[in-house]
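Dear colleague,

Please find the structure below.

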Amino acid sequence: MMSIAAARALTGDRRCFVGIGLPSTAANVARRTHAPNLVLIYESGTLGSKPDRLPASIGDGILAETADAVISVPEVFNYWLQPGRIDVGFLGAAQLDRFGNINTTVIGDDYANPKVRLPGAGGAPEIAGSCGEVFVVVRQNRRTFVEQVDFVTSVGHGRAPGDRERLGLRGAGPTLVITDLGVLRPDPQTRELTLTQVHPGVTVEQAREATGWDLRVAPDLVTTEPPTERELAVLRELTAA
């Protein structure tokens, strides 16, 4: 359901910065169904990749073999990402707070001696800062959905409306958070993540129980349409390859 919901959010001929895992699955499902002109850009420097199976990593040869062009990693960041030429970027999170700020660095209050040291930032801060918009894909539970992240690796909407602009960040930040329970979007005024959509069989109470803050719920909450036969067939074809 997460893969299908993320795929449906990708439309038109937008340029999408894709990571391995669920973002790659979603982007390739979208390209094979309703968005054939979607341009997939992988961090390894492949532009316009059209793999016929899911790549095992950003270094998988199928990405280069099916790409419109292959460029260097510095060029991906310096020419495409930082100047705002990427429309949509995907990110995951070890922790996510109510304003969409992401932690992938440390768990615990003491940076020098954390409870857990995570993989770190990678290119995530630049994706969060420079893409036209960001889709966060993460499972929803109280360990991940916290009141305040222990460390801000990638800025979402800061602590208040206007924080991104004050920091000089070009993109709109997280516009969608897609979870295994539903979809959250930032409130237009407060920028606080709000539950706008639940997946079939999921209740508002379940979503609130899985959230470490008092989760706001949109008055026009909707239920995600179940996957179509076509979507499921494409998804199964990709994951079986």
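How are H2 and H8 oriented to each other? The model is predicted, so local features need pLDDT of at least 70 and side-chain atom pairs pLDDT 80 or more, while totals for chains, interfaces and linings use all residues. Residues are numbered from 1 along each chain as its sequence is written, and side-chain values use heavy atoms, without hydrogens and water.

The axes of helix H2 (residues 22–32) and helix H8 (residues 229–240) come within 10 Å and cross at roughly 125 degrees. Helices (H or I, at least four residues) and strands (E, at least two) are DSSP runs, numbered from the N terminus. Axes are lines fitted to C-alpha atoms, for helices over the stretch in contact, with angles from 0 to 180 degrees between N-to-C directions. H2 and H8 are therefore oblique to each other; angles under 35 degrees count as roughly parallel, over 145 as roughly antiparallel, 65 to 115 as roughly perpendicular and the rest as oblique. On the H2 side, the contact (heavy atoms within 4.5 Å) is made by Thr25, Asn28, Val29 and Arg32. H8 contributes Arg230, Val234, Leu235, Glu237 and Leu238. By class, this contact has four nonpolar, two polar and three charged residues. Ala, Val, Leu, Ile, Met, Phe, Trp, Tyr, Cys and Pro count as nonpolar, Asp, Glu, Lys and Arg as charged, and the others, Gly among them, as polar.

Elsewhere, arginine 191 lies in the loop between strand S12 (182–186) and strand S13 (193–198). Arginine 191 is not a glycine, yet has a positive phi of about 70 degrees.
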